Amino acid sequence: MSVDELDSVESITGRYVHVDIGGVTHRVYFEENGPEDGIPLLCQHTAGCNNQEWRHVLADEEITEEFRVIAYDLPYHGKSAPPPTQEWWLEDYSMTGEEFAERIVAIADALELEDPIYLGCSMGGNIALELADWYPDRFRAIVGLEAGAYSPGFYIDWLDHPRVNTTEVNAYSCWGLMAPQGPDHTRRETMYHYEQGATGVFKGDLYFYSVDHDYRDKLDQIDATECPLFIANGQYDYLTTPEDGFDIAEGVGEGATAIEMTEIGHFPMSENPTLFNAYLKEILGAVTGDRGEDLPERLTPEDVGLETEQVKAESASK
C-alpha cells in the first residue's frame, strides 16, 4: 500500500516558490490543498506568526472541495527565510503597508493565481484595506478578519527587548485576545505558534499594524463595487472590534460588508477552528453567490448549526 492510500496522510502539500519582490528574489514557503482548478483562496497569517494558523482551513474537506486553499509564510516568517542576497541582519526588520501589499501581490503573481480571494487576519486584515484601494483588479474578493482602519498602541519596545523572554511574552500577549468559549487545546496551540517567531519580526510587523496603517480618512478611496470587501471581526477582539468593522463598511460604502463573529476573538482560524470554518463558509458563499442572501450583521453558532459544547468536542478530535 502506498502512502497516498493511507488515511493517516493528509492531502495538504508544502512547497517553495521563488518570488520577485522589489527586484529581490525571495524563497517563499506555502502549503495548499484543494483542486488545481478550484477558486484560489490566498491566506495571510497574523503579525509575527506563520501559515500554521491556517491548518484547520487547509484540512476542511468542505472548503477544499471547491477552493484551492493556499497559506504562505510571508518573507522573514516561518519557513520563508530572509533572502541570501541581502545583508538583512544589518538593520532592524520593519514593514510598511506598501511593502506588505507588494509582497502579497507578488506571491499571487508568482503562483499565477487567477482571480484569487484574499483572506487575511489581524495585520492581514488591516492590509485588506490597502489591497482593496491599490489592487482591486487583482482579486475576486477581499476578506479582512479582525481588521481596523486604525489600530495604534502595539509598536512596543519590550516585544523585542533583550532582557525580556519575548518568545513567552509575545505568546501570552495573545492569550487575552482569544474568546473563552474556544477549546483549550486550540487556544494553547495558537500561543505555541507565537513561540516560534524570529527575533524582532513580531515588532517589525507591528510597525505596519500600529504605525504605518491609518485609513480613517481614506476609506472613501476604496471602490468595493470593483472588488467586494468583507470585514469579519470577533466579538471578543478588543484590538479591532466588530464596531471597527462596521465603521469600515460604512466609510467604504457600496460593495463593503461587515459582520460580527460571536464567540470568537482575535485569532479565529486557530483559536476556534470548527466555529470559524462554519462562519467562513457563509462568507465564501456570499463571495461566490451560492449563499443566495445577504450576510447578517451578526453570526452566531446557532446560525451555522453549532453549539459551544459541540464546537469544543469536534475541535478536540482534530
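Trainee: Which residues gather in a patch of negative charge on the surface?
Mentor: Asp20, Glu98, Glu99, Glu102 and Asp212. Before we go on: this is a predicted model, so local features need pLDDT of at least 70 and side-chain atom pairs count only at pLDDT 80 or more, while totals for chains, interfaces and linings use all residues. Residues are numbered from 1 along each chain as its sequence is written, and side-chain values use heavy atoms, with hydrogens and water left out.

Trainee: What's the rule for a patch?
Mentor: Patches are made of residues with over 30% relative accessible area and no salt bridge; like charges are joined within 9 Å, and nonpolar side chains (Val, Leu, Ile, Met, Phe, Trp, Tyr) within 5 Å. Areas come from the Shrake-Rupley method with a 1.4 Å probe, and for residues only the protein chains shown count as cover. Lys and Arg count as positive, Asp and Glu as negative, with His and the chain ends not counted. A charge is placed at NZ of Lys, CZ of Arg, CG of Asp or CD of Glu.

Trainee: Which helix gives the most to the negative patch?
Mentor: Helix 3, residues 97–110, with three residues. Helices (H or I, at least four residues) and strands (E, at least two) are DSSP runs numbered from the N terminus. Glu102 lies in helix 3.

Trainee: Is Glu102 buried, exposed or partly exposed?
Mentor: Partly exposed, because its relative accessible area is 32%; buried means under 20%, exposed over 50%, and partly exposed in between (1.4 Å probe, protein chains only).

Trainee: And what makes the nonpolar surface patch?
Mentor: Trp88, Trp89 and Leu90, at about 380 Å². Leu90 is in the loop between strand 4 (67–72) and helix 3, and is exposed at 60%.

Trainee: Switching to salt bridges, how many are there?
Mentor: The count comes to twelve, taking a side-chain nitrogen of Lys or Arg within 4 Å of a carboxyl oxygen of Asp or Glu. One of them joins Glu32 and Arg15, with the closest N and O atoms 2.6 Å apart. That pair links distant parts of the chain, Glu32 in strand 2 (residues 24–33) and Arg15 in strand 1 (residues 13–21), 17 residues apart.

Trainee: Which residues are in a network with those two?
Mentor: Arg68 is linked with Arg15 and Glu32 in a network of salt bridges. Glu32 is buried at 8%, while Arg15 is partly exposed at 46%.

Trainee: What about Glu260, which partner does it have?
Mentor: Glu260 forms a salt bridge with Arg298, the closest N and O atoms being 3.5 Å apart. They sit 38 residues apart, Glu260 in strand 8 and Arg298 in strand 9 (residues 298–299). Glu260 is buried at 13%, and Arg298 is partly exposed at 43%.

Trainee: What else does Glu260 touch?
Mentor: Its contacts (heavy atoms within 4.5 Å) include Asn233, Gln235, Pro242 and Phe246, not counting residues up to four places away in sequence.

Trainee: Last topic, the backbone. What's the phi at Ser122?
Mentor: Positive, about 60 degrees, although Ser122 is not a glycine. Most residues other than glycine have a negative phi. Ser122 lies in the loop between strand 5 (117–121) and helix 4 (123–134), and is buried at 6%.

Trainee: And what phi does Glu146 have?
Mentor: About 50 degrees, also positive in a residue that is not a glycine. Glu146 is in the loop between strand 6 (141–145) and helix 5 (166–175), and counts as buried because its relative accessibility is 0%.
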